[in-house]
Amino acid sequence: MAEQSESPTKSIMEKIIEKVHHHESSSSDSELDSDKPDRLESVKAKIWRLFGREKPVHHVLGGGKPADVFLWRNKKVSAGVLGFVTAMWVLFELIEYHLLTLVCHILILAAALLFLWSNACTLINKSPPRIPEIHLPEKLVLQVASALCVEINSAFAGLRSVAAGKDFKKLLMIIAGLWVLSIVGSSCHFLTLFYICFVLLHTVPVLYEKYEDKVDPLAEKAMVQIKKQYAVFDAKVLSKIPVAASLKAKRV
């Protein structure tokens, strides 16, 4: 009888212990699940990104509506902008229509139509069309001017440091960039070059945002190879140039 009375108590105790262990395991699993987003964010933060960026592509492009257009957040607006620029390129580059002529013709047509419409409305006793007042907001103009001023000043500062003989590496980068730009400029007109850059700006960022997890590792490998080749070039060529050697000695 004593053994029979002890068995129910043992079974009850075993059930209680199993429930406690199950509760602890479930709580630990929930804590692990809650920690997963933080761990994923920390892992993503440690991933090498192109150009050393730490912010999303949308933020790098300035955010707001321009970034939405470049990243095709609204496909109708992005397609409309790209179609308009393509039509302008075809009109000016292929048909060889002049910008000043086009602007004058549009203004002549608009002024004539509005004038006739206003007079026709008075003859048939209808209210004339309401022409909206168009004015540029002062805040927007100041923001654009301030941003341009910052970029121009930074470019002048970089050119000044190069002209003063302080950065030989930047001098080589500027020479290489201008040389490539001169080759591209000799093969196509400025308008075509602008259109190519605009199309690239409408396609490359959205493709990179979609496949950045695949592009970044390849870009990291490419940067490692470029740094290795530059180190070899520095050791064999730049170190033998007196100007580059003196600049390195000053930095050290």
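Predicted model: local features only at pLDDT ≥ 70, side-chain atom pairs only at ≥ 80, totals over all residues.
Modeller: Residues are numbered from 1 along each chain as its sequence is written, and side-chain values use heavy atoms, with hydrogens and water left out.

Biologist: Thanks! How many helices and strands does the chain have?

Modeller: Helices (H or I, at least four residues) and strands (E, at least two) are DSSP runs, numbered from the N terminus. Read along the sequence, the pattern is α-α-α-α-α-α-α-α-α-α. The count is 10 helices and 0 strands.

Biologist: What share of the residues in the chain is buried?

Modeller: Buried means under 20% relative accessible area, exposed means over 50%, and partly exposed lies in between (1.4 Å probe, protein chains only). The chain has 252 residues. Of these, buried residues make up 14%.

Biologist: And how much of the accessible surface of the chain belongs to carbon and sulfur atoms?

Modeller: Accessible areas come from the Shrake-Rupley method with a 1.4 Å probe, and for residues only the protein chains shown count as cover. The surface of the chain comes to about 20,800 Å². The part belonging to carbon and sulfur atoms is 69%.

Biologist: Which residues form a nonpolar patch on the surface?

Modeller: Patches take residues with over 30% relative accessible area and no salt bridge, joining like charges within 9 Å and nonpolar side chains (Val, Leu, Ile, Met, Phe, Trp, Tyr) within 5 Å. One member, Leu-159, sits in helix H6 (residues 138-163) and counts as partly exposed because its relative accessibility is 46%. Together the patch has about 580 Å² of accessible area, and its members are Leu-140, Val-144, Leu-148, Ile-152, Phe-156 and Leu-159.

Biologist: Where does UniProt list a "transmembrane region"?

Modeller: The record is an unreviewed entry, and UniProt positions are given in the numbering used here, with feature names shortened and annotations that may be inferred rather than shown by experiment. In the model, residues 77-95 are 95% helix and 0% strand, with end C-alpha atoms 26 Å apart. Residues 171-201 are 94% helix and 0% strand, with 27 Å between the end C-alpha atoms. The UniProt entry lists residues 77-95, 102-120 and 171-201.

Biologist: Why do Trp-89 and Tyr-195 count as stacked?

Modeller: Rings of Phe, Tyr and Trp (its six-membered ring) pair if their centres lie within 6.5 Å; planes under 30 degrees apart are stacked, over 60 edge-to-face and the rest tilted. By this rule there are 2 aromatic pairs. The rings of Trp-89 and Tyr-195 have centres 4.8 Å apart and planes at 10 degrees, so the pair is stacked.

Biologist: How far apart in sequence are the parts that this pair ties together?

Modeller: Trp-89 counts as buried at 19% relative accessibility, and Tyr-195 is buried at 16%. Trp-89 lies in helix H4 (residues 75-94) and Tyr-195 in helix H8 (residues 190-210), so the parts tied together are 106 residues apart.

Biologist: Which residues does Leu-193 touch, leaving out those up to four places away in sequence?

Modeller: Leu-193 is in helix H8 and counts as buried at 19% relative accessibility. Contact means heavy atoms within 4.5 Å. With that rule, Leu-193 touches Leu-181, Val-184 and Cys-188.

Biologist: Which residue forms a salt bridge with Glu-209?

Modeller: A salt bridge is a side-chain nitrogen of Lys or Arg within 4 Å of a carboxyl oxygen of Asp or Glu, and the whole structure has 1. Glu-209 lies in helix H8 and its partner in the loop between helix H3 (64-70) and H4, so the pair ties together parts 136 residues apart in sequence. Glu-209 is partly exposed, with a relative accessible area of 25%. With the closest N and O atoms 2.9 Å apart, the partner is Arg-73.

Biologist: One more: is Glu-96 buried or exposed?

Modeller: Glu-96 is found in the loop between H4 and helix H5 (99-123). Its phi is positive, about 60 degrees, although Glu-96 is not a glycine. With a relative accessible area of 59%, Glu-96 is exposed.
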